[in-house]
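Take a walk through this model, from the whole chain down to single residues. Keep the coordinates open as you read.

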Amino acid sequence: MQKEEFFHRTELAKRLSQTLMSADGSSGLFITGPRRTGKSTFIREDFIPAIGGPQGSHIVYVDLWADQDANPGDAIVAVIRSELLKFDSFILRAAKGVGIDKIKVGGMEMSLNQVGFGQGETLTTALTMLAIASKKSVVLIIDEAQHTQVTEEGRKALFALKAARDAMNATNGPGFRLFATGSNSDKLVSLVEDKDQAFYQAPLIVLPHLGDDYLVWLRERLPVDPRPSIDALKRAFTACNYRPEPLRAVLREIGLDFDLHPNEVDARFEAMMAASLTRTKSHFFQQVNGLNPLESAVLKTMASQGKNFAPYTKDAFSSYKAFILANTGEVAQDINQSSVQMALERLRSNKFIWRAGRGAYLIEDSQHLDWLGEALVQAQADVARARTELQARASKVVPTNF
Ligand SMILES: Nc1ncnc2c1ncn2[C@@H]1O[C@H](COP(=O)(O)OP(=O)(O)O)[C@@H](O)[C@H]1O
Ligand SMILES: [Mg+2]
């Protein structure tokens with residue numbers, strides 16, 4: 001079996017690791033890039049080798065996307081604990097079978113069960129012990145860090161990490177760096193821009209998407225003959241928002257077309273790519289059409305109001321009603337706080353939207369947001385008409401029966 005090959009971005013990894021280890025990186029570094037564009041691959045294949053390795057730092061990596069049902073705080077604690085367990089010689093195993101594993105290093109001693117956020121400075125102690133045991137500075141990489149905002153424990157985790165950062169970066173400290181990624185810049189930006197966030201004002205960098213050099217690399221390896229031109233690949237890659245997977249799927253498909261003429265390969269490839277994107281998009285709209293009228297109206301209101309969306313305002317309610325009237329021809333009577341709350345919850349559990357704690361909501365996937373935006377432009381006239389009709393109804397004097 002052939003192993004999956006990756007295109008390496010060594011120079012980018014070197015630059016980012018230098019930034020992280022510089023004084024500027026001491027408050028932490030946050031990088032964003034849309035979902036499925038290669039953040040985790042870059043971290044695993046290029047960034048960790050650049051910053052870890054024999055001369056580098058001790059890396060602790062946790063992907064909060066991998067198990068979304070796990071509590072982000074628990075996931076971070078679990079990975080720190082398992083890193084400590086790698087240093088077997090420092091672990092004092094208690095009496096056979098029972099008891100707690102204790103770890104003892106550099107005059108410090110703690111039980112592994114104590115690693116957590118609630119009890120004073122145990123996280124600082126655990127990370128400091130890890131630095132002493134490994135004789136290296138510690139770099140914690142949190143992939144999809146926006147998930148920390150979903151729960152109170154997750155938010156606490158960030159504050160505990162901030163305390164650890166400050167203690168470990170003090171003059172005699174062993175050194176600690178936090179590197180975090182997120183697939184939605186709006187979600188991540190609140191982590192560094194809100195004054196009450198642990199990592200307020202830490203630098204936020206957009207990870208460059210895979211570029212033309214990736215396409216050249218990919219084209220060279222294509223087991224397809226004839227091959228699409230590099231220009232056709234560029235257009236297709238832009239059309240799928242720089243995500244390798246949809247591009248590769250169409251390349252696999254064209255590889256099975258055995259009587260392709262060199263003159264027609266580009267046209268054929270681009271037609272297949274367009275058809276594939278249309279299928280993905282119509283699949284999304286099928287799901288939207290399967291929502292009930294209020295859910296669909298809430299989703300569209302979010303798409304049209306963006307960051308200003310607040311679910312329970314008068315403005316939001318009149319927008320829900322306008323979308324429902326435009327969609328179904330009926331005037332909704334029974335919209336209230338609890339029905340809106342239920343709609344939001346359904347949208348969240350079906351992964352249409354994301355809740356950033358404290359009542360802030362965002363559309364999960366930026367691609368969905370673009371598609372909804374296009375659909376809203378098309379439906380603009382209908383929605384405007386619905387709004388006018390609702391206003392006219394509201395201002396009409398209600399007839400009274402004497
Ligand atoms: N440098 C690369 N070379 C080859 N394939 C890549 C590269 N980066 C990403 N991919 C492919 O793109 C897909 C999504 O990548 P991933 O790293 O999971 O994205 P993200 O973490 O941004 O969601 C994976 O199937 C992966 O194999
Ligand atoms: Mg990822």
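Of the chain's 402 residues, 31% count as buried. This is a predicted model. The chain carries 14 helices and 10 strands. Its C-alpha atoms fill a box of roughly 85 × 75 × 45 Å along the principal axes. Among contacts with a separation of 6 or more, 67% join residues 24 or more positions apart.

Domain 1 covers 10-206, domain 2 covers 212-283 and domain 3 covers 290-395. The C-alpha centres of domain 2 and domain 3 are 36 Å apart.

Now go to the ligand. Ligand 1 has 13 residues around it, and G38, K39, S40, T41 and P244 come nearest. Two helices, α2 (39-51) and α9 (244-255), each supply at least two residues of this shell. Helix α2 gives the most, with three residues. By class, the shell has three nonpolar, six polar and four charged residues.

T181 touches K39, along with I31, T32, I43, D143, E144 and A145, leaving aside residues up to four places away in sequence. T181 sits in strand β7, which spans residues 176-182. Is T181 buried or exposed? A residue needs 20 or more other C-beta atoms within 10 Å to be buried. T181 has 25 C-beta neighbours inside 10 Å, so T181 counts as buried. G154 lies 27 residues from T181 in sequence, and their C-alpha atoms are 15 Å apart in space.

Next come the helix pairs. Two packed helices are described by the angle between their axes and the distance between the axes. Take α8 (residues 230-239) and α10 (residues 265-289) to begin with. Their axes come within 10 Å and cross at roughly 5°. An angle under 35 degrees counts as roughly parallel. Helices α8 and α10 are therefore roughly parallel to each other. On the α8 side, A232, R235, A236 and A239 make the contact; on the α10 side, D266, F269, E270, M273 and L277 do. This contact of α8 with α10 has six nonpolar, no polar and three charged residues.

Another pair is α11 (residues 293-305) with α13 (residues 337-349). Their axes are 9 Å apart and the packing angle is about 75°. That makes α11 roughly perpendicular to α13. Helix α11 brings L294, E295, V298 and L299, while α13 brings S339, V340, A343, L344, R346 and L347. The residues of this contact divide into seven nonpolar, one polar and two charged.

P226 is in the loop between α7 (212-220) and α8. Which residue does a cis peptide bond join to P226? The partner is D225, and omega is about -5°.

The loop between α8 and α9 holds N241. Y242 has its place in the loop between α8 and α9 as well. Phi of N241 is near 55°, a positive value in a residue other than glycine. For Y242, phi is near 60°, again positive in a residue other than glycine. N241 has 16 C-beta neighbours inside 10 Å, so N241 counts as partly exposed. Y242 is partly exposed too, with 18 other C-beta atoms within 10 Å.

Terms used
Residues numbered from 1 in each chain as written. Chains lettered and ligands numbered in written order. Predicted model: local features only at pLDDT ≥ 70, side-chain atom pairs only at ≥ 80, totals over all residues. Near = placed C-beta within 6 Å. Helix = DSSP H or I, 4+ residues; strand = E, 2+ residues; numbered from the N terminus. Nonpolar A, V, L, I, M, F, W, Y, C, P; charged D, E, K, R; others polar. Domains from an automatic or database assignment. Axes fitted to C-alpha atoms, helices over the stretch in contact; angles between N-to-C directions. Parallel < 35°, antiparallel > 145°, perpendicular 65-115°, else oblique. Contact = placed C-beta atoms within 7 Å. Buried ≥ 20, exposed ≤ 12 C-beta atoms within 10 Å, placed from the backbone.
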